Amino acid sequence: MRERLEQLNKEALEELCHIGNSQLVQDLRVKYLGKKGRLTEILRGMGKLSAEERPIIGQLANTVRENIEQKLEEVKVAIEKKEIEAKLQRESLDVTLPGRPIQVGNRHPLTLVIEQIEDVFLGMGFTVAEGFEVEQDYYNFEALNLPKDHPARDMQDSFYITEEILMRTHTSPVQARTMEKMEGEVPVKIICPGRVYRRDNDDATHSHVFTQIEGLMVGENVRMSDLKGVLLEFAQQMFGENAGIRLRPSFFPFTEPSAEVDVTCMCGGEGCKICKNTGWIEVLGSGMVHPRVLEMAGYDSEKYTGFAFGLGVERIAMKKYDIDDIRQFYTNDLRFLKQFNRV
Ligand code: FA5
């Protein structure tokens, strides 16, 4: 038995000298010292030894176990050290290098302008409502006093999905939806930003997809002068105290009377490409809500009146940031978009 233990000691130490990775260390631990390992196997013969031999062989077995354990530990530490060194070599990292800047995006100029406009109207007591870009013909047209054969539908050539469903051509359907939801309650005081779609030809001031913000106020004694006051306040908060607005008589089937509203152009009125040399930029359509629209949405038009407007966000953004072509908003040129980093 003594010879077998000495042989085991020799073999284990020798084998341990030749291994190259930490998994093998574990395998050898099991092979030599495990429950079913070679040392245990030899020690099973202890019962056959005489009482004098047993402590001597026991002590030798302990020494063999300690030797192997010590060697296993030494080899394990050495291999791990080597493995770490190899890993460091592979993933060499120079901590003295300056860090790479993290690319942070910024909000799109149209988003910024929508937020600014929302702030102005929230300050005047309006709340923000939401509508649908894919809209029913009924809300886009009929509920706004534009029956199926109404000639004014020609003004907004539309992208139809089915006969009854289309991409909304303006944010005005939100007027009808909001009033319907309010079930005759007043006051109604909402704005609603969103994308709209028309079969317009793209040029410096027109896009087939653009952004509008609808405004609607309904209550007792709401007058055209309230509309004018709200819009002037809006223009001055957006463009400065000297900003002026101009109301031009217009026609919308859902408002009566109706007005188109211009803001002084960024050229200061001298005339440029954007204002087509008029000194004014058309930014919105507006008017007093047509009594028929109020009635269709469940409001008593004898008792309540309202004003509504729909402004073009791109036109406002162009004026605010001196942008001379609406297409800049949609071409995703980072040189353009990054200028709004710190606005
Ligand atoms: C309308 O869309 C009406 N729904 C506005 C309205 C609402 C009137 C409530 C009365 C009551 P209009 O088609 O004029 O109106 O468009 C409103 C604004 O959207 C315009 O003043 C302009 O600023 C902008 N706009 C219109 N067409 C385009 C386009 N193709 N590209 C960019 N902006 C546009």
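Predicted model: local features only at pLDDT ≥ 70, side-chain atom pairs only at ≥ 80, totals over all residues.
Residues are numbered from 1 along each chain as its sequence is written, and side-chain values use heavy atoms, with hydrogens and water left out.

The ligand is surrounded by 27 residues, of which the closest are His170, Ser172, Arg198, Asp200 and Glu282; a residue belongs here if one of its heavy atoms lies within 4 Å of the molecule. By class, this shell has eight nonpolar, 13 polar and six charged residues, where Ala, Val, Leu, Ile, Met, Phe, Trp, Tyr, Cys and Pro count as nonpolar, Asp, Glu, Lys and Arg as charged, and the others, Gly among them, as polar.

An oxygen atom lies 2.8 Å from a side-chain N or O atom of Arg198, an oxygen atom lies 3.0 Å from a side-chain N or O atom of Gln212, and an oxygen atom lies 3.2 Å from a polar backbone atom of Leu284. Taken alone the ligand exposes 680 Å², and the protein buries 95% of that (Shrake-Rupley method, 1.4 Å probe).

The space that the ligand takes is the largest pocket, in the sense that more than half of its atoms lie within 2 Å of the pocket's grid points. A pocket is an open set of points on a 1 Å grid over the protein atoms alone, where a 1.4 Å probe fits and protein lies on both sides within 12 Å along at least five of seven lines; lining residues have an atom within 4 Å of a point. Strands E5 (209-219), E7 (255-264), E8 (280-289) and E9 (305-312) each give two or more residues to the shell around the ligand, and E8 gives the most, with five.

The largest pocket has a volume of about 730 Å³. Of its 38 lining residues, Arg198, Glu260, Glu282, Leu284 and Arg315 are the closest to its centre. E8 also gives the most to this lining, with seven residues.

The second largest pocket has a volume of about 280 Å³, and among its 14 lining residues the closest to its centre are Leu110, Thr111, Ile114, Arg195 and Thr211. The largest share of this lining, four residues, comes from H5.

Notes:
Polar contact = N/O pair within 3.5 Å; in protein donor to acceptor, adjacent residues only side chain to side chain. Points joined across faces, edges and corners; volume = space filled by probe spheres on them.
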